[in-house]
Every structure is written in structure tokens, then in C-alpha cells.
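Visitor: Hi! Could you walk me through this protein in plain words?

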Amino acid sequence: MKPAGILEAALYVSDLEEAERFYGDILGLERITKVEGRHVFFRCGNAVVLLFDPDATEIPPPPDARLPVPPHGARGPGHLCFSAGAEEIEAWRKHLEAQGIAIEADFEWPKGGRSIYFRDPFGNSLEFAEPRIWGIS
């Protein structure tokens, strides 16, 4: 057996309002749900980007919780890569720069495919990359 794909990916942020603005307004992701002080979730293609406040998610759920999700959390910058074609990457670069977001790296991978890297307001490393960097068409 093996998993069919990634359904969701999580990053940890210190300000959910700012996270909602950045991921919703700047990156254009569709918000699915939000729980004040705990999380905000976004749809991204056939996957979900979960943004959590680790101060809230490190606390175990009460014994009678309707959704007994085990505690989790991380500190420090994480990484998430969004899939994009070559023309989309150039458009994203221009869009991000117009929003005052610095591009940390922009390069072609040795076996083909381009990536650009930038940071969210919390220091998480974000990337747009062509799927072919991993041999995916």
C-alpha cells in the first residue's frame, strides 16, 4: 500500500488575521473555514493549506471533544511549495514584487524547471515551482 497523494499541508503562524490576509488576499487562496485563535484553512487546487497558531494546537483536546485531534505544532520557519507552470511563475514573481514581497531566489534546476522562493509574514519559506523539477508533468 502507498498513499495516493497529499491532502493537506500545515504551517504554523503567530497571527491568524495577518495569515488570512496574506494567503487569501496576496496568494488568492479560497478560505474554507476559520476558528478564531486556532486556525484558518484554505483550498489550494485539490489540497488544503492549514494555518495553525501553535499556542492553541499544542494544547490537548478535552476528553469529550467532538473532534479529538491530537496536539501538534512547530516553531520556526516551515516550507511549502505551490505548483505552477513557467509562465505562471513569471506572473507570480511580478505580482509578489508589486506587493512588496522580496524574491529570495529565482533559478532553473539542473534537470529543468524553475523555482522562485519568498517568505510569508511569519518567516515560512514559500515556493512556486514547475512540477517537472520532480519529474512530474
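Guide: Happy to; we start with the overall layout and then turn to rings, strands and one asparagine.

Guide: This is a predicted model, where local features need pLDDT of at least 70, side-chain atom pairs count only at pLDDT 80 or more, and totals for chains, interfaces and linings use all residues. Residues are numbered from 1 along each chain as its sequence is written, and side-chain values use heavy atoms, with hydrogens and water left out.

Visitor: Great. How many helices and strands are there in the protein?

Guide: The protein has three helices and eight strands. Helices (H or I, at least four residues) and strands (E, at least two) are DSSP runs, numbered from the N terminus. Starting at that end, the order is β-α-β-β-β-α-β-α-β-β-β.

Visitor: And what does the C-alpha trace span along its principal axes?

Guide: The span is about 50 × 45 × 25 Å. Of the 137 residues, 35% count as buried, where buried means under 20% relative accessible area, exposed over 50%, and partly exposed in between (1.4 Å probe, protein chains only).

Visitor: Now the rings. How many aromatic pairs does a search of the whole structure find?

Guide: The search finds nine aromatic pairs. Rings of Phe, Tyr and Trp (its six-membered ring) pair if their centres lie within 6.5 Å; planes under 30 degrees apart count as stacked, over 60 as edge-to-face and the rest as tilted. Phe-41 and Phe-52 make an edge-to-face pair, with 5.4 Å centre to centre and 80° between the planes. Phe-41 sits in strand S3 (residues 39-44) and Phe-52 in strand S4 (residues 47-52), eleven residues apart.

Visitor: Is Phe-52 buried or exposed?

Guide: Phe-52 is buried, at a relative accessible area of 6%. Phe-41 also counts as buried, at 16% relative accessibility.

Visitor: What about Phe-107 and Tyr-117?

Guide: Those two rings are stacked, 5.9 Å centre to centre with 15° between the planes. Phe-107 belongs to strand S6 (residues 105-108) and Tyr-117 to strand S7 (residues 114-119), so this pair ties together parts ten residues apart in sequence. Phe-107 is partly exposed at 29% relative accessibility, while Tyr-117 is buried at 16%.

Visitor: Which residues do ring pairs link into a cluster?

Guide: That cluster is made of Phe-82, Trp-92, Phe-118 and Phe-128. Phe-82 is also on the covered face of strand S5 (residues 79-83), along with Leu-80. The uncovered face of S5 has His-79, Cys-81 and Ser-83.

Visitor: Which strand is joined to S5?

Guide: S5 runs parallel to strand S8 (residues 125-129), and five bridges join them. Two strands pair if DSSP finds at least two bridges between them. Cys-81 has Glu-127 as its bridge partner in S8.

Visitor: Okay, new topic: where is Asn-124 found?

Guide: Asn-124 is in the loop between S7 and S8, and this residue is buried, with a relative accessible area of 1%.

Visitor: What does the side chain of Asn-124 join up with?

Guide: A polar contact of 2.9 Å links the side chain of Asn-124 to that of Asp-120. A polar contact is a pair of N or O atoms within 3.5 Å; within protein, one must be able to donate a hydrogen and the other to accept it, and residues adjacent in sequence count only if both atoms are side-chain atoms. The backbone nitrogen of Gly-78 also lies 2.7 Å from a polar atom of the Asn-124 side chain.
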